[in-house]
Amino acid sequence: MDPKTAIQQVTDSLQAYFSDRLAAAYLTGSFSTGEAVLGESDLDYWGFVCDELSKADQRWIQDTASAVDKRFDIFGGVHINIMTVENITHNKLARFMLQYNSILCCGRDILSEISARKPDSYIPDKHVAKLRLPFARQCFEDALRGKCPRCIDEVPANSYLAARKFARYFVIVEGAYFLMSVNKFESFRQENVIALLKEKLAGFDDILDLSLSVSQTPFTARITHDDFLTKIRPLVYRFFKEIENS
């Protein structure tokens with residue numbers, strides 16, 4: 001099935017169940033940017049409701065995510081995250097990450113509305129890059145030690161797909177935060193990030209090309225996650241150093 005059709009069915013299910021309680025729903029991750037690998041990439045869906053979730057609501061969310069995962073083989077996994085508008089209003093970092101890395105599926109754009117009325121909202125600059133730097137460093141060190149980093153729900157059993165996860169998080173995402181630190185951020189789209197990184201960092205073109213290949217076609221790139229982590233380590237450490245010194 002076409003991903004857009006499947007995603008629309010998820011949106012329709014949320015609208016039917018929550019009705020007027022649903023203020024907005026967003027798609028994030030690689031399906032939102034058109035960069036997903038069918039059958040491997042996860043569906044990451046966020047919805048925001050006007051009141052607190054009941055236990056029945058939570059059971060419905062879990063059951064729906066499980067049903068969608070079983071019904072559609074185009075998704076590697078399914079994550080349906082629902083929170084209240086009040087909660088996202090006070091979670092600045094989550095709101096920032098969603099605002100710059102998602103598309104609106106239904107409802108009104110509450111992320112932009114909240115940011116417009118809250119002057120303390122984060123923007124893509126060196127301050128937000130520095131804020132998450134300790135988390136990013138810990139995630140990368142955990143990956144190097146063979147542990148599942150907190151930025152990833154689960155490391156895929158297939159080593160090529162694990163390399164893809166690491167390419168997206170440690171090169172594309174961390175590269176995007178490096179670009180924020182030097183005021184060159186445009187989007188989290190992988191080709192855009194890679195192109196801008198080549199402009200700003202000399203001597204890493206081969207690693208950046210490899211990272212893009214791993215992210216787009218992991219079974220053609222055919223590099224294990226351990227070998228990939230070894231190759232990208234100098235680049236990721238450079239990201240961290242530049243962010244820290246910005």
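## L133 and its surroundings

Leaving aside neighbours within four places in sequence, L133 is in contact with F240, I243 and E244, where contact means heavy atoms within 4.5 Å. This is a predicted model, so local features need pLDDT of at least 70 and side-chain atom pairs count only at pLDDT 80 or more, while totals for chains, interfaces and linings use all residues. Residues are numbered from 1 along each chain as its sequence is written, and side-chain values use heavy atoms, with hydrogens and water left out.

L133 sits in helix α8; helices here are DSSP runs of H or I with at least four residues, strands are E runs of at least two, and both are numbered from the N terminus. At 7% relative accessibility, L133 counts as buried, a label for anything under 20% relative accessible area, with exposed meaning over 50% and partly exposed in between (1.4 Å probe, protein chains only). In sequence, L133 and I243 are 110 residues apart, yet their C-alpha atoms are 7.7 Å apart in space.

## The nonpolar cores

A nonpolar core here is a set of buried Ala, Val, Leu, Ile, Met, Phe, Trp, Tyr and Cys residues joined through side-chain atoms within 4.5 Å. The largest one has 43 residues, and the members touching the most others are F170, Y177, L197, F228, I232 and L235. Two or more residues come from each of α7 (126–131), α8 (133–144), α9 (159–181), α10 (190–200), α11 (205–216) and α13 (225–245). Helix α9 gives the largest share, twelve residues.

Take L197: not counting residues up to four places away in sequence, L197 touches V171, G175, F178, L179, L208 and F239. There's also a second, separate core of 23 residues, including L14, L22, V49 and A65.

## How α13 packs

Helices α9 and α13 pack at an angle of about 10°, with their axes 10 Å apart. Axes are lines fitted to C-alpha atoms, for helices over the stretch in contact, and angles run from 0 to 180 degrees between N-to-C directions. That makes α9 roughly parallel to α13; the label covers angles under 35 degrees, with over 145 roughly antiparallel, 65 to 115 roughly perpendicular and the rest oblique. Among the residues making this contact are F166, F170 and Y177 of α9 and F228, I232 and F239 of α13.

On the α11 side the contact is made by I207, L208, L210, S211 and V214, and on the α13 side by F228, K231, I232 and L235.

## The sheet and its helices

Four strands form an open sheet in the order β3-β2-β1-β4, with mixed pairing. Two strands pair if DSSP finds at least two bridges between them. The edges are β3 (78–84) and β4 (102–107), each pairing on one side only. Direction ignored, neighbouring strands are turned by 20° against each other on average.

Strand β2 (residues 43–49) pairs with β3 in the parallel sense over seven bridges. In this pairing, L43 stands opposite V78 and D44 opposite H79. Helix α1 (residues 3–18) packs on the sheet, touching β1 (22–28), β2, β3 and β4, and its direction makes about 25° with that of β2. Helix α3 (residues 55–71) also packs on the sheet, touching β2 and β3, with its direction at about 155° to that of β3. As for β3, that strand is mostly covered, with five of its seven residues buried.
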